[in-house]
Amino acid sequence: MGNLSSSGIILNGTCEEIKEEAQKCLRDGIDILAPGCGIAPKTPTRNIKALVEARDEYYHLNYASGGHGPFRFAQED
C-alpha cells in the first residue's frame with residue numbers, strides 16, 4: 001500500500017506536487033494508492049482531487065491504450 005503524507009503533502013502541497021508524489025508511488029509498484037492516515041481537517045478539496053487525477057492519468061498512460069493491466073476503462077464519448 002503506497003501512502004502520501006496526509007498532514008504533509010496532501011494538506012500543504014500543490015496539486016502538481018501531489019501528482020508527482022502519487023505517480024512516484026505508482027511507478028515504485030504500490031498496489032493501493034492512499035493517504036498515509038485519515039485526511040487532515042482543512043485539506044483543500046483540490047488536493048484530494050489531484051490525488052485521484054494522478055491515479056487516473058497514470059493508468060490511462062500505462063494501461064488503457066493497450067488494454068493491459070488491472071483496470072479496464074470505459075470508452076469516453
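Which residues are buried in α2? In this predicted model, local features are taken only where pLDDT is at least 70 and side-chain atom pairs only at pLDDT 80 or more, whereas totals for chains, interfaces and linings use all residues. Residues are numbered from 1 along each chain as its sequence is written, and side-chain values use heavy atoms, with hydrogens and water left out.

The residues in question are Ile 18, Lys 19, Ala 22, Gln 23, Cys 25 and Leu 26, where buried means under 20% relative accessible area, exposed means over 50%, and partly exposed lies in between, for a 1.4 Å probe and protein chains only. Helices here are DSSP runs of H or I with at least four residues, strands are runs of E with at least two, and both are numbered from the N terminus. Seen down the axis of α2, the buried residues fall within an arc of 155°, so they line one face of the helix; the arc is that of the directions from the helix axis to the C-beta atoms. An α-helix has 3.6 residues a turn, so residues three or four places apart point the same way. On the other side of α2, Glu 20 and Arg 27 are exposed.

The helix α2 has 13 residues and reaches 18 Å from its first C-alpha to its last, which is close to the 18 Å expected at 1.5 Å a residue, the expected span being 1.5 Å times one less than the number of residues. Just after α2, Gly 29 takes a positive phi of about 95°. The buried residues of α2 pack against β1 (2-4), α1 (6-12), β2 (33-35) and α3, contact being defined as heavy atoms within 4.5 Å.

In soluble globular proteins, nonpolar side chains tend to be buried together.

Lys 19 is found in helix α2 and is buried, with a relative accessible area of 13%; leaving aside residues up to four places away in sequence, Lys 19 touches Ala 50, Glu 53, Ala 54 and Glu 57. The side chains of Lys 19 and Glu 53 meet in a salt bridge, at 3.1 Å from N to O, a salt bridge being a side-chain nitrogen of Lys or Arg within 4 Å of a carboxyl oxygen of Asp or Glu. Lys 19 lies in helix α2 (residues 15-27) and Glu 53 in helix α3 (residues 45-64), so the pair ties together parts that are 34 residues apart in sequence. Glu 53 counts as partly exposed, at 38% relative accessibility.

The structure holds 4 salt bridges. Among them, Lys 24 pairs with Asp 28, the closest N and O atoms being 2.9 Å apart; Lys 24 is partly exposed at 41%, while Asp 28 is exposed at 56%. Another joins the side chains of Asp 56 and Arg 55, at 2.5 Å from N to O, with Asp 56 partly exposed at 27% and Arg 55 partly exposed at 35%. Salt bridges that share partners join Lys 19, Glu 53 and Glu 57 into one network.

The aromatic residues complete the picture. A search of the whole structure finds 3 aromatic pairs, where rings of Phe, Tyr and Trp (its six-membered ring) pair if their centres lie within 6.5 Å, with planes under 30 degrees apart counted as stacked, over 60 as edge-to-face and the rest as tilted. The rings of Tyr 58 and Tyr 59 have their centres 5.2 Å apart and their planes at 90°, so the pair is edge-to-face. Tyr 59 and Tyr 63 form a stacked pair, 5.2 Å centre to centre with 25° between the planes, and both lie in helix α3, 4 residues apart, about one turn of the helix. Tyr 58 is buried at 12% relative accessibility and Tyr 59 is buried at 10%, whereas Tyr 63 is partly exposed at 24%. Tyr 58, Tyr 59 and Tyr 63 form one aromatic cluster.
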